[in-house]
Amino acid sequence: MFQGFYDLAANMITQNRKMNVIGNNMANVSTPGFKNDKLIETTFRDEMIYRYDRDGKNQIGVMSRVDTVDERITSYKQGGLRDTSNPLDFALNGNGFFVIQTGNGVVYSRNGSFSIDNGGYLCLEGVGRVLGQNGPIHLPSDQITSDGRGNLYHADTGAFYGQLQIVDFADYGQLEKRSNGVFRANGAPQNAQNVIVNQRKIEASNVSLVEEMTAMMSGQRTIQSAAQMLKMYDQLTGKAVQVGTL
């Protein structure tokens with residue numbers, strides 16, 4: 001059996017996994033606060049190659065047999081801030097996350113495109129209620145104003161409704177990305193430092209559509225090349241079998 005079958009098949013599987021990640025990035029290019037992902041490749045089963053001669057067995061070097069995925073990396077680089085006319089839109093300028101209460105616990109998000117649910121609480125649609133320093137924030141209307149620390153007031157009367165809870169993590173490696181662009185954490189968060197809450201703004205996705213399209217075209221060409229090589233190996237195998245039966 002040709003070793004190339006394993007090499008090419010592994011490469012195609014790895015490229016398909018990369019294409020899935022790229023496709024997800026491109027699908028979320030317009031999702032507020034979305035952070036793009038990237039798959040890092042590595043080698044599997046590195047083997048020492050030897051040369052046999054009259055002096056015996058001499059080492060030539062190391063060769064990798066299989067290309068596979070090492071890890072999935074999320075870029076937490078801040079996206080650009082875009083102005084909106086919605087008083088319930090918020091963007092974080094600096095490191096930090098909004099805290100969202102879901103039915104399965106707490107998650108963290110950079111998406112500040114909020115709304116008011118049926119119970120009158122500030123929420124991230126499809127995810128859960130936004131937590132303040134003292135729990136979920138109840139708003140009788142969307143006529144609110146906010147300062148740079150996330151304190152929410154009635155726009156006319158000045159009544160205080162609560163303060164957005166903004167947290168950060170010493171190690172982003174403890175964050176696990178979930179659906180809807182939110183994160184779960186394996187450790188406890190800490191209060192975010194030097195972060196400014198901007199009302200009537202939204203943080204755009206940090207996905208570069210040009211970079212993702214370039215990576216997708218490169219991946220497609222790699223898969224096509226591997227598929228053509230597999231056809232050649234298949235033809236060579238068929239000829240070898242025919243010769244062996246003569």
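## Exercises on a predicted chain

Take the contacts in the protein chain between residues at least 6 apart in sequence: 62% of them join residues at least 24 apart. Contact means heavy atoms within 4.5 Å. This is a predicted model, where local features need pLDDT of at least 70, side-chain atom pairs count only at pLDDT 80 or more, and totals for chains, interfaces and linings use all residues. Residues are numbered from 1 along each chain as its sequence is written, and side-chain values use heavy atoms, without hydrogens and water.

**Exercise 1. Describe the largest pocket: what is its volume, and which element gives the most to its lining?**

Step 1. Get the volume. The largest pocket holds about 460 Å³. A pocket is an open set of points on a 1 Å grid over the protein atoms alone, where a 1.4 Å probe fits, with protein on both sides within 12 Å along at least five of seven lines; lining residues have an atom within 4 Å of a point. Volume is the space filled by probe spheres set on the points, which are joined across faces, edges and corners.

Step 2. Find the centre. The largest pocket is lined by 20 residues, and N36, D37, K38, E212 and A215 are the closest to its centre.

Step 3. Assign elements. At least two lining residues come from each of α1 (3-27), β1 (37-53) and α2 (209-244). With six residues, α2 gives the most.

Step 4. Sort by type. This lining has five nonpolar, nine polar and six charged residues. Asp, Glu, Lys and Arg count as charged; Ala, Val, Leu, Ile, Met, Phe, Trp, Tyr, Cys and Pro as nonpolar; the others, Gly among them, as polar.

**Exercise 2. Repeat this for the second largest pocket: which residues are the closest to its centre?**

Step 1. The second largest pocket has about 260 Å³ of space. Among its 18 lining residues, D37, R72, T74, K177 and F183 are the closest to the centre.

Step 2. β2 (56-74) and β15 (175-177) each supply at least two residues of this lining.

Step 3. Its residues divide into six nonpolar, seven polar and five charged.

**Exercise 3. Examine β12 and β13: in which sense do they pair?**

Step 1. β12 (151-154) and β13 (160-163) pair in the antiparallel sense, over three bridges. Pairing requires at least two DSSP bridges between two strands.

Step 2. Q163 in β13 is the bridge partner of N151.

Step 3. The two strands form a hairpin with five residues between them, and G158 in the turn has a positive phi of about 80°.

Key. Helix = DSSP H or I, 4+ residues; strand = E, 2+ residues; numbered from the N terminus.
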